[in-house]
Amino acid sequence: MELYKIILLLIFSYLLGSIPSSYWIGKIFFNVDVRNHGSKSSGATNTMRILGAKVAFPVLLIDILKGFLATKLTILLPNIAPDIVMHYKIFFGLAAITGHIFPVFANFRGGKGIATITGIIIGIIPELIPFALGLFIIIVSFTKIVSMGSILTSLSVPFIIYFILQRNDIYLLGFSLIIFLIVIITHRENLKRIFAGKETTISFRKNN
């Protein structure tokens, strides 16, 4: 397999992840950089707080699509062995997450990666989604804190994969642990606010 092609696809995955949907939509249509408001993140949750749910929804879809499309780049590797396709999907997915968090098109100030991670999971192991989404909804319904739902759901993913889905692929389990670490790192300020009882609760109304 041509190494140069793999490197190019990794770069393309990063650039795909770097598409700053909330930043571009906010600047073009509202002259607002959401990264300067609220949680200072360019994710869908902060976009909803600043610009409302109608704006956050397309941001969410685009960010999910970025992760999903990154995993599908393996079709450009026709000679890849079937038993390692998932491995390359994981590599391309991680490159897309890196792009989302550190986007080259937005001065390396991006989001926290949850929507893009969701897209990658849909592309790699879609049967995980109903369990993770259900748990996320339950947590957020009770706590009204999106970051709490994201953190606890990411923590549950390795257990869901191993115990419920009964998948013991070392790459898949390793990926799930990396995802948890990424979520913890990108949500470190949220964790501080959660422990201090100061984390922002969810709201579906546009702030004026």
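So, the lining of the largest pocket: α3 (44-51), α4, α6, α7 (129-143), α8, α9 and α10 (188-196) each put in at least two residues. Helices here are DSSP runs of H or I with at least four residues, strands are E runs with at least two, and both are numbered from the N terminus. The biggest contributor to that lining is α7, with seven residues.

Before I go on, this is a predicted model, so local features need pLDDT of at least 70 and side-chain atom pairs count only at pLDDT 80 or more, while totals for chains, interfaces and linings use all residues. Residues are numbered from 1 along each chain as its sequence is written, and side-chain values use heavy atoms, with hydrogens and water left out.

Back to the pocket. What is its volume? The largest pocket holds about 1200 Å³ of space. It has 46 lining residues, and Thr45, Leu60, Ile114, Phe136 and Val146 are the closest to its centre. By class, that lining splits into 23 nonpolar, 17 polar and six charged residues. For the classes, Ala, Val, Leu, Ile, Met, Phe, Trp, Tyr, Cys and Pro count as nonpolar, Asp, Glu, Lys and Arg as charged, and the others, Gly among them, as polar.

Now, how do we get pockets and cavities? Rolling a probe the size of a water molecule over the atoms shows where empty space is left. On a 1 Å grid over the protein atoms alone, a cavity is a set of points where a 1.4 Å probe fits but cannot get out; a pocket is an open set with protein on both sides within 12 Å along at least five of seven lines; and lining residues have an atom within 4 Å of a point. Grid points are joined across faces, edges and corners, and the volume is the space filled by probe spheres set on the points.

The second largest pocket comes in at about 360 Å³. Sixteen residues line it, and Lys40, Gly110, Gly111, Lys112 and Thr186 lie nearest its centre. Both α9 and α10 supply at least two residues of this lining, with α10 giving the largest share, four residues.

How many cavities of 30 Å³ or more does the search of the whole structure find? Two. The largest cavity is about 50 Å³. Its lining has 14 residues, and nearest the centre you'll see Ile19, Pro20, Ser42, Lys66 and His100. Helices α2 (21-30), α4 (53-71) and α5 each provide at least two lining residues. By class, that's three nonpolar, nine polar and two charged.

The second largest cavity, at about 40 Å³, has a lining that includes Ile121, Leu128, Ile161, Phe175 and Ser176. Two or more lining residues come from each of α8 (146-164) and α9, and α9 gives the most, with four. The class count is eight nonpolar, one polar and no charged residues.

Some of those names come back in the largest nonpolar core. A nonpolar core is a set of buried Ala, Val, Leu, Ile, Met, Phe, Trp, Tyr and Cys residues joined through side-chain atoms within 4.5 Å. Buried means under 20% relative accessible area, exposed means over 50%, and partly exposed is in between (1.4 Å probe, protein chains only). The largest core has 22 residues, and the ones with the most contacts inside it are Ile97, Ile124, Ile125, Leu128, Ile161 and Phe175. Helices α5, α6 (114-124), α8 and α9 each supply at least two of its residues, and α9 gives the most, six.

Last topic, the aromatics. Rings of Phe, Tyr and Trp (its six-membered ring) pair if their centres lie within 6.5 Å; planes under 30 degrees apart are stacked, over 60 edge-to-face, and the rest tilted. That rule gives six aromatic pairs. Take Tyr88 and Phe92: the ring centres are 6.3 Å apart and the planes sit at 45°, so this pair is tilted. Both are in helix α5 (residues 85-101), four residues apart, about one turn of the helix. Tyr88 is buried at 16% relative accessibility, and Phe92 is buried at 0%.

Then there's Phe91 with Tyr171, centres 6.5 Å apart and planes at 75°, so that one is edge-to-face. Phe91 is in α5 and Tyr171 in α9 (residues 170-186), so the pair ties together parts 80 residues apart in sequence. Phe91 is partly exposed at 37%, and Tyr171 is partly exposed at 39%. Tyr88, Phe91, Phe92 and Tyr171 form one aromatic cluster.
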